[in-house]
Amino acid sequence: ADIFSQFDFGGAFSEIFGGRKKQRPRYNPDIDVEMEISFADSVLGSVKPVGLSRNVRCDTCKGTGSLSGKISACEPCGGSGRKTMRQGFMAVSMTCDDCNGHGKVLTDPCNICHGSGIHTTSEEFDINIPSGIMDGECIRIKEMGECIDPALPPGNLNIYARPQGSDMYSRNGNNINADIKVPFDVAALGGVVEIDTIHGPRKLKVPRATQTGMRLKLHGMGVH
């Protein structure tokens with residue numbers, strides 16, 4: 001193997017000889033959050049308020065960072081974002097310290113975003129929790145994520161549901177299970193009892209000779 005392959009000279013020579021220019025991100029990042037919801041909300045669905053703080057494109061300067069929208073090329077580097085200096089027989093390419101490698105300078109920076117093209121905002125809005133949502137299932141809201149590069153669309157907001165447990169019910173897919181108490185005479189002779197379901201009170205027919213642990217069904221009382 002080549003002896004030089006044992007050493008990593010990339011970091012040392014990338015700045016001296018220019019290397020690859022740092023690429024802008026091709027997309028803005030998403031925001032991932034987890035939301036705890038009640039067992040009933042996970043089955044029936046609901047509307048929940050959400051508070052969010054995020055970076056957005058500055059509307060005042062439309063993301064340019066300039067109040068007038070005019071951006072000038074950096075004179076020291078000629079708009080390239082890099083300066084070349086001679087050191088003996090070598091030409092050394094360095095990041096321009098006048099424009100921090102952007103190649104452009106602002107003459108009238110925006111007073112809202114201070115020339116960055118983005119600013120932080122706090123928002124409150126409602127989201128719809130669909131009925132039957134499962135643990136870890138994602139509610140995605142497009143373009144409500146982060147904005148690092150104002151020239152690109154914002155990322156998405158991903159809300160992951162975390163349903164809580166219930167003292168009365170448990171869930172198995174779209175079925176809702178519950179333990180109920182039946183009077184002895186009804187279990188022995190059969191009859192009808194009223195029980196509380198996730199959808200409200202309902203009447204349940206109990207057959208004769210019902211044993212402890214027997215499963216009885218109420219159709220349509222699970223996840224719709």
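Where is methionine 144 found? In this predicted model, in which residues are numbered from 1 along each chain as its sequence is written, local features need pLDDT of at least 70 and side-chain atom pairs count only at pLDDT 80 or more, whereas totals for chains, interfaces and linings use all residues. Side-chain values use heavy atoms, with hydrogens and water left out. Methionine 144 is found in the loop between β8 and β9, where strands (E, at least two residues) and helices (H or I, at least four residues) are DSSP runs numbered from the N terminus. With a relative accessible area of 16%, methionine 144 is buried, a word that stands for under 20% relative accessible area, with exposed meaning over 50% and partly exposed lying in between (1.4 Å probe, protein chains only). If neighbours within four places in sequence are left aside, methionine 144 is in contact with Ile31, Leu52, Arg54, Glu123, Phe125, Gly155, Asn156 and Leu157, contact being defined as heavy atoms within 4.5 Å.

The chain as a whole contains three helices and 13 strands, and 29% of its 224 residues count as buried. Among contacts between residues at least 6 apart in sequence, 62% join residues that are at least 24 apart.

The pairing of β1 with strand β9 (residues 157-163) is in the parallel sense and extends over seven bridges, and asparagine 158 in β9 is the bridge partner of aspartate 32.

A second pairing, between β12 and strand β13 (residues 200-206), is antiparallel and also has seven bridges. The two strands are joined by a hairpin through two residues, and aspartate 196 stands opposite proline 201 in β13. Valine 193 is found in strand β12 (residues 191-197) and counts as buried because its relative accessibility is 12%. Beyond its neighbours within four places in sequence, valine 193 is in contact with Pro183, Val186, Arg202, Lys203, Leu204 and Val206. Between valine 193 and isoleucine 180, which are 13 residues apart in sequence, the distance is 10.0 Å, C-alpha to C-alpha.

Strand β12 also takes part in the lining of the second largest pocket, as one of the elements that give two or more residues to it, together with β10 (169-172) and β11 (175-178). The second largest pocket holds about 950 Å³ of space. Of the 29 residues that line this pocket, the closest to its centre are Asn177, Ala178, Arg215, Leu216 and Lys217, and β11 gives the most to the lining, with four residues. Pockets were found on a 1 Å grid over the protein atoms alone, a pocket being an open set of points with protein on both sides within 12 Å along at least five of seven lines, unlike a cavity, where a 1.4 Å probe fits but cannot get out; lining residues have an atom within 4 Å of a point. Grid points are joined across faces, edges and corners, and the volume is the space filled by probe spheres set on the points.

The cysteines were also examined. A disulfide is a covalent bond between the sulfur atoms of two cysteines. With a disulfide taken as a pair of cysteine sulfur atoms within 2.5 Å, the count comes to zero. The sulfur of cysteine 110 is 3.8 Å from the closest cysteine sulfur, that of cysteine 58, which is too far for a bond. Cysteine 110 is buried at 2% relative accessibility, whereas cysteine 138 is partly exposed at 27%.

Finally, lysine 62, although not a glycine, has a positive phi of about 55°; this residue is found in the loop between β2 (46-57) and β3 (71-73) and counts as exposed at 58% relative accessibility.

Technical notes
Pairing = 2+ DSSP bridges.
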